[in-house]
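This report describes one protein structure for a reader who is new to the subject. Please examine the sequence and the model before reading on.

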Amino acid sequence: MTTVHTLNPMADLATDVDDVARLLTPAGERVVDPDLQQWIEDVDTAAIQRLYRDMVLLRRIDAEGVALQRQGQVGLWPPCQGQEATQIGTARALRADDFAFPSYRETGVVYARGGKPSDYVLAWRGEGHSTYNPYKLHTATQQIIIGAQSLHAVGYAMGVQRDGGDQVAAAYFGDGATSQGDVNEAMVFASSFGAPVVFVCTNNQWAISEPVSVQARFPIAGRAPGFGIPSMRVDGNDVLACLAAMRWAVDHARKGRGPAFLEAVTYRMGPHTTSDDPTRYRDKEEVEIWRRRDPIDRVEALLRAEDAFDDGFVAEVAADADALAAEVRQAAMGAVTREPLSIFDDVYAEPHSGIDEQRVAYAAYLNGFAATQES
Amino acid sequence: MVQLTMAKAINEGLRRAMADDPKVLVMGEDIGKLGGVFRVTDRLQEEFGAKRVIDTPLAESGIVGTAVGLALRGFRPVVEIQFDGFVYPAFDQIVCQVAKLHYRTRGNVRMPLTIRIPWAGGVGAAEHHSESPEAYFVHTSGLRVVAVSNPQDAYVMLRQAIASDDPVVYFEPKRLYHTKAEVHLDVDPADAPPMGLARVAREGTDVTVLTYGAQVATALDAALAAEEDGISLEVIDLRSLSPVDYRTVGASVRKTGRVVVTHEAAREAGVGAELVASVTERCFHYLETPPVRVTGHDIPYPPAKLEKHHVPDLDRVLDAVDRVLDRPNSLTGVEQ
């Protein structure tokens, strides 16, 4: 399947959000999509319950992050509420040894890749720029520079080609990033070299205060074919569609057919970060419309219809979420800040006389205070 | 030992590094069949194939950004930026990603990336083809910055840069590409003086001239001319701009007590400013007179027909020598 989901060139990007491939309606009803269907035939009720649990746990991590920021325990938090289906659905389609390149908002990708509670909060607390070893999670450090990681993903995929491996790289970025040169350069490189990379554009409608219409006058998925990259525009609040579409894209890349591109149409329910005030630039009505399209409620409705949402299951997921939230909180509250001279560590892999001198000088300076206190 | 131009010496350095380590890749614009616009990568694609000698799209951020991903995957990419002035589109990837990934990941990710930049002026080139951007990279922690001045160093320091687990910005003076000299190709890069060490290019006793790249030749010419006036210049080829080898620099300054710094990059906040400040902090009581800088002017690189007024020449270096020696000079009688 080398698909481009039918795009209406006259679509209003902000409102015509139903021009997407979908397997689960906003009301929670299963629908058939001829392209996507084949990719989730093995997804049974138990698998859907696992996706539901993932999304609930992610939402709880996110809520805990916001709360910790409000309480002064972390400096900043980029909420991902509303984007759970996109993050969980796509990340769960990756193999453990594939390599993900998430942006700062992809908390759910880090979670799905096996991130620990401390991995969600310590960087935002300011204890380190990142908290996990990229090689252990097969996941790059969450990127803050917009779109820069898309090139890293392509380079990694070019490396896979040269090693003769069959891993896939996944580049995650938002709709704002598609305006960046790096994302466009990444698509040129990926296409020209046939690199096994999947681009996942989370179109959450807003780049801080700029609506997607400032970034695009045509649906973003429509750009990829111009680079020779097949693409699909999926409902980003439909976890089944995200899973299926990503499985298609990953399979396409893994089989040596080159890159693929997904645009997941979703919505950032909260602010850009805890420093942002979205009430200054968007209407309550818009937020309410999207609240009715909630990705978790949608799966709940499906599970209820399938009689798989009993009290036992609900209690189990709630208990798991409570436990994870407590671990996240504990990771933040129990954080131990590294000793001062560690700021000089890892600037270089090999000795560098300039840094080494500054470390010695600053150590002497700090020791001077210690000597004063002793006397 | 063979006679080689600097371009050939670098070519041989690339060839041997690729032969020794299958993880070494070369990538850039026009580097394959053409062999690079300066022919520095001549015949490498023929020998190692298009998967290791990669002709890239014309996108500098793309070249460096994909090299980051390749390094993350365990490769050792050597990137060619076609001309100095073309590195700016890749600036974000170099200073925010290449320089910082090791620090960001607390040492888990290494960036053994070599960024080769044909560099600086004096060849009558068009606009954007004669820039001296070294200060931007020296100012960025996490990068090593080196500048070569002769074929032997070009060969050895390139091998060392490729072998280093740190990212290295490697500046090649364009106007020396065709300068020939004897090169020992069989020297083991691991045994040669490390790329972080400065080299005393000429010993002297009266004035220390600190310089790098193509200006080393200018400083050596100035030293020959000064000798006729009975003035002895010590010329230090810094070789590495990050870190600077202040042990070698300091020993020279303590001996001579007088310092001239010369480079062709603009003066304001340039490498010369850093050198003068650091030498003053370290060796103030040994200085007989204030150090003097001889640099390009604080102007955009001028058109080719006027570049000789921008790039410091032998006479401007000698004028600065007169100033640190309190001899009659261009500023004598000028109110400062």
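The text below treats chain B as a whole, and then the cavities and pockets.

**Basis of the report**

This is a predicted model, in which local features need pLDDT of at least 70, side-chain atom pairs count only at pLDDT 80 or more, and totals for chains, interfaces and linings use all residues. Residues are numbered from 1 along each chain as its sequence is written, chains are lettered from A and ligands numbered from 1 in the order in which they are written, and side-chain values use heavy atoms, with hydrogens and water left out.

**Chain B as a whole**

Chain B contains eleven helices and 14 strands; helices (H or I, at least four residues) and strands (E, at least two) are DSSP runs numbered from the N terminus. Its radius of gyration is 20 Å, close to the 20 Å that the globule rule gives for 336 residues, so chain B is as compact as a globular protein of that length. The radius is taken over C-alpha atoms, and the rule is 2.2 Å times the number of residues to the power 0.38. Along the principal axes, the C-alpha atoms of chain B fill a box of roughly 65 × 45 × 40 Å.

Of the 336 residues of chain B, 62% count as buried, that is, under 20% relative accessible area with a 1.4 Å probe and protein chains only. Among contacts in chain B with a separation of 6 or more, 81% join residues 24 or more positions apart; a contact means heavy atoms within 4.5 Å.

**Cavities and pockets**

On a 1 Å grid over the protein atoms alone, a cavity is a set of points where a 1.4 Å probe fits but cannot get out, whereas a pocket is an open set with protein on both sides within 12 Å along at least five of seven lines; lining residues have an atom within 4 Å of a point. Grid points are joined across faces, edges and corners, and a volume is the space filled by probe spheres set on the points.

| Space | Volume |
|---|---|
| Largest cavity | about 100 Å³ |
| Second largest cavity | about 50 Å³ |
| Largest pocket | about 660 Å³ |
| Second largest pocket | about 510 Å³ |

There are three cavities of 30 Å³ or more. The largest cavity has 15 lining residues, and those nearest its centre are Ala140(A), Thr141(A), His152(A), Leu72(B) and Leu101(B). The lining of the second largest cavity includes Trp119(B), Tyr212(B) and Glu264(B).

The largest share of its lining, four residues, comes from H9(B). The lining of the second largest pocket divides into nine nonpolar, eight polar and eight charged residues.

Key
Nonpolar A, V, L, I, M, F, W, Y, C, P; charged D, E, K, R; others polar. Buried < 20%, exposed > 50% of the residue type's maximum accessible area, 1.4 Å probe, protein only.
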